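Welcome! Let's go through this structure together by asking what its labels rest on.

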Amino acid sequence: MRAARLIKMVLLLQSRPSMTAGELARELEVSERTVTRDAQALSEAGVPVYAERGRAGGYRLVGGYRTRLTGLARGEAEALFLSGVPGALREMGLEDAASAARLKVSAALLPSLRDASRTAAQRFHLDAPNWFTEPAPPELLPAVADAVWDDRRIVARYRRRGDEEVERELEPYGLVLKAGVWYLCARVPGDGAHRVYRIDRFLAVEAGDGRFERDESFDLPGFWAERAEQFARSILRTEVVLRVSPEGARALRFAVGTLVAREALEAAGAPDGDGWVTATVPVESEEVAHGQLAALGPEVEVLAPRSLRERFAADAIRLAALYAD
């Protein structure tokens with residue numbers, strides 16, 4: 001533990017001109033007294049660390065000193081490519097590996113380039129979850145992530161819809177973070193099919209029968225895009241016929257989704273004299289459509305089915321009564 005901390009301290013000092021005891025203590029998550037002892041230990045080991053007193057003082061390395069401890073381990077190198085998604089790294093248990101990798105890269109750069117990680121972090125940040133949600137990371141995500149990195153089979157017990165529990169051996173190919181929800185893309189041994197599982201439905205994860213041979217032709221982004229589109233279309237089991245104003249046409253994508261809205265409006269007829277168009281829109285159910293289309297207010301008129309039109313008519317009567325004054 002201390003050896004790793006001493007190495008990190010050297011790399012920190014190598015990547016910056018000077019650091020105070022307080023700054024080092026925060027980075028290393030130790031006390032300033034421990035920093036002083038570590039600096040003394042490094043000096044005794046031949047690393048030229050020295051301290052300068054005064055307001056501009058701090059710990060430094062003698063000019064020109066370079067450590068050769070900058071080689072990246074595989075886990076650090078892999079984590080480095082995910083360093084733009086700090087929340088995902090933290091949830092997968094890779095935050096420490098990514099921090100070490102960034103530090104090693106920074107230490108190996110020319111002095112003029114050592115602020116690259118800071119300037120990049122100031123200009124780009126990925127916040128994956130939807131607005132107004134605080135998704136809790138699945139407890140079993142780090143175990144699944146370890147198996148994904150190591151191409152190791154797992155035996156997962158998970159909860160299907162309807163609370164049915166199922167246990168299955170899986171070959172975990174990849175992880176996807178979609179709107180704050182983690183999914184596992186895995187192959188089922190035997191039938192060779194790739195399937196998608198929500199990790200927050202996993203109840204238990206254990207090591208399976210050794211490692212598996214990964215199909216190098218598997219394209220995770222392409223697979224996910226195809227499955228996501230299939231899922232989006234599979235839940236659209238009914239249709240509604242709408243008369244939509246120009247403003248409603250612009251806002252329709254926010255109610256029913258961009259792809260559905262675009263296809264419905266492209267297939268719609270020519271606008272009437274008021275600029276309204278009639279479009280047939282696939283929806284999940286009448287109940288869901290009622291909630292989605294209510295957000296468009298008077299910019300949409302439901303023509304069919306009759307039962308949904310009657311629900312909106314009843315809503316209009318209640319609203320008129322509420323605002324009668």
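Q: Why is Y173 called buried?
A: Buried means under 20% relative accessible area, exposed means over 50%, and partly exposed lies in between, with a 1.4 Å probe and protein chains only. Y173 has a relative accessible area of 4%, so Y173 is buried. Keep in mind that this is a predicted model, where local features need pLDDT of at least 70, side-chain atom pairs count only at pLDDT 80 or more, and totals for chains, interfaces and linings use all residues. Residues are numbered from 1 along each chain as its sequence is written, and side-chain values use heavy atoms, with hydrogens and water left out.

Q: Where does Y173 lie, and which residues is Y173 in contact with?
A: Y173 is part of strand β4; strands (E, at least two residues) and helices (H or I, at least four) are DSSP runs, numbered from the N terminus. Contact means heavy atoms within 4.5 Å. Leaving aside neighbours within four places in sequence, the contacts of Y173 include V148, C185, H194, F212 and F218. The C-alpha atoms of Y173 and R195 are separated by 9.9 Å, while the two residues are 22 residues apart along the chain.

Q: What makes β6 and β7 edge strands?
A: Two strands pair if DSSP finds at least two bridges between them. The open sheet has five strands in the order β6-β5-β4-β3-β7, with antiparallel pairing. Within it, β6 (194-198) and β7 (202-211) each pair on one side only, and these are the edge strands. From one strand to the next, the twist averages 45°.

Q: Which strands does helix α9 lie across?
A: Helix α9 (residues 220-234) lies across β4, β5 and β6, and runs at about 75° to β6.

Q: Why is α10 called oblique to α11?
A: Axes are lines fitted to C-alpha atoms, for helices over the stretch in contact, and angles run from 0 to 180 degrees between N-to-C directions. Angles under 35 degrees count as roughly parallel, over 145 as roughly antiparallel, 65 to 115 as roughly perpendicular and the rest as oblique. Helix α10 (residues 246-256) and helix α11 (residues 258-266) pack at about 140°, with axes 7 Å apart. That makes α10 oblique to α11.

Q: Which residues of α10 and α11 meet?
A: In α10 they are A249, L252, R253 and V256, and in α11 they are T258, V260, A261 and L265. By class, this contact of α10 with α11 has six nonpolar, one polar and one charged residues. Here Ala, Val, Leu, Ile, Met, Phe, Trp, Tyr, Cys and Pro count as nonpolar, Asp, Glu, Lys and Arg as charged, and the others, Gly among them, as polar.

Q: What makes α12 and α13 oblique to each other?
A: Helix α12 (residues 286-294) and helix α13 (residues 306-322) pack at an angle of about 40°, with their axes 11 Å apart. α12 and α13 are therefore oblique to each other. By class, their contact has five nonpolar, two polar and four charged residues.

Q: How many helices and strands are there in the protein?
A: There are 13 helices and ten strands. Of the 325 residues of the protein, 32% count as buried.
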